[in-house]
Amino acid sequence: MNTATETTQVYRVYIKTNPQAIWDAITRPEWTERYGYTGLVDFDLRPGGAYQVRASEPFRKESEARGFELPEVIIDGEVIEADPPRKLVHTFRMLMDPQMAAEPFTRITYEIKELDNKVCSLTVTHELEGAPNLAALVNGSLEDQGAGGGHAWVLSELKTLLETGQVFAD
């Protein structure tokens with residue numbers, strides 16, 4: 001049952017800010033620990049450079065309270081293209097769950113475009129060929145199981161943070 005809809009997911013959000021602010025919010029741990037799943041990103045922003053995410057302490061404690069032990073690195077991948085502050089492409093593998101960790105690396109593309117009135121569009125394209133478990137997670141299908149709302153939720157919180165300085169938990 002692999003259709004383009006299931007294997008390629010595209011999300012777009014419009015944010016009243018500048019491209020550099022969005023770029024920083026995606027690529028800097030002091031930002032990524034504040035929204036979404038609060039992971040601490042580490043990018044080597046060169047083609048072939050490493051991409052890793054570690055769990056923040058609150059994320060780790062919440063996972064352990066639910067009975068899930070987390071590895072030190074919860075997501076890994078490799079940078080394919082970095083064109084600050086317009087485009088970032090990297091591979092992605094979720095390591096928190098053995099079934100997802102066994103799936104092949106997927107590919108995420110972030111495209112940031114400056115529009116009129118100090119608004120930018122952020123388009124996230126996640127190519128998920130061969131990764132049905134991850135596809136279900138990132139499209140929000142596992143939200144009722146406590147796995148969160150996937151990319152849509154993360155991007156909504158990113159928008160809220162950049163526009164208001166607050167996150168959903170505030």
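The largest nonpolar core holds 41 residues, and Ile22, Ile26, Tyr35, Leu122 and Leu134 touch the most other members. A nonpolar core here is a set of buried Ala, Val, Leu, Ile, Met, Phe, Trp, Tyr and Cys residues joined through side-chain atoms within 4.5 Å. Buried stands for under 20% relative accessible area, exposed for over 50%, and partly exposed for in between, with a 1.4 Å probe and protein chains only.

Before going further, please keep in mind that this is a predicted model, where local features need pLDDT of at least 70, side-chain atom pairs count only at pLDDT 80 or more, and totals for chains, interfaces and linings use all residues. Residues are numbered from 1 along each chain as its sequence is written, and side-chain values use heavy atoms, with hydrogens and water left out.

How confident is the predictor? The protein averages a pLDDT (the predictor's confidence in each residue, from 0 to 100) of 91, and 92% of the residues score at least 70. Residues 1–5 have a pLDDT below 50, and beyond near neighbours in sequence this stretch has three contacts in the model. A contact means heavy atoms within 4.5 Å.

**The sheet and its helices**

Helices (H or I, at least four residues) and strands (E, at least two) are DSSP runs, numbered from the N terminus. Seven strands form an open sheet with antiparallel pairing, in the order E1-E7-E6-E5-E4-E3-E2. Its edge strands are E1 (8–15) and E2 (39–43), each of which pairs on one side only. From one strand to the next, the twist averages 20°. Two strands pair if DSSP finds at least two bridges between them.

E4 and E5 form a hairpin with three residues between them. Some bridge partners are listed here.

| Residue | Partner |
|---|---|
| Ala50 | Glu78 in E4 |
| Val79 | His90 in E5 |

Two helices lie across the sheet strands. Helix H2 (residues 19–27) lies across E1, E2, E4, E5, E6 and E7, and runs at about 155° to E6. Helix H7 (residues 150–164) lies across E1, E6 and E7, at about 15° to E1. For these angles, axes are lines fitted to C-alpha atoms, for helices over the stretch in contact, and angles run from 0 to 180 degrees between N-to-C directions.

**Residues worth a look**

Leu134 lies in helix H6 (residues 132–138) and counts as buried, at 2% relative accessibility. Not counting residues up to four places away in sequence, Leu134 touches Phe92, Met94, Met100, Glu103, Thr106, His126 and Leu128. The C-alpha atoms of Leu134 and Gln99 are separated by 8.9 Å, with the two residues 35 apart along the chain. Tyr35, leaving aside its neighbours within four places in sequence, is in contact with Ala25, Ile26, Val154, Glu157, Leu158, Leu161 and Val167.

Thr106 belongs to strand E6 (residues 106–114). Is Thr106 buried or exposed? Thr106 is buried, because its relative accessible area is 3%. The contacts of Thr106 beyond four places in sequence include His90, Phe92, His126 and Leu134. With His126 there is a side chain to side chain polar contact at 2.7 Å; a polar contact is a pair of N or O atoms within 3.5 Å, where within protein one must be able to donate a hydrogen and the other to accept it, and residues adjacent in sequence count only if both atoms are side-chain atoms.

Thr125 sits in strand E7 (residues 120–127) and is also buried, with a relative accessible area of 17%. Among the residues in contact with Thr125, beyond four places in sequence, are Thr8, Val10, Arg107 and Thr109.

**Backbone features in the loops**

Most residues other than glycine have a negative phi, and most peptide bonds are trans. A cis peptide bond joins Pro84 and Pro85, with omega about -10°, and Pro85 is found in the loop between E4 and E5.

The loop between E6 and E7 holds Asn117 and Lys118. Phi of Asn117 is near 60°, a positive value, and phi of Lys118 is likewise near 60°. Asn117 counts as exposed at 63% relative accessibility, and Lys118 is exposed with a relative accessible area of 66%.
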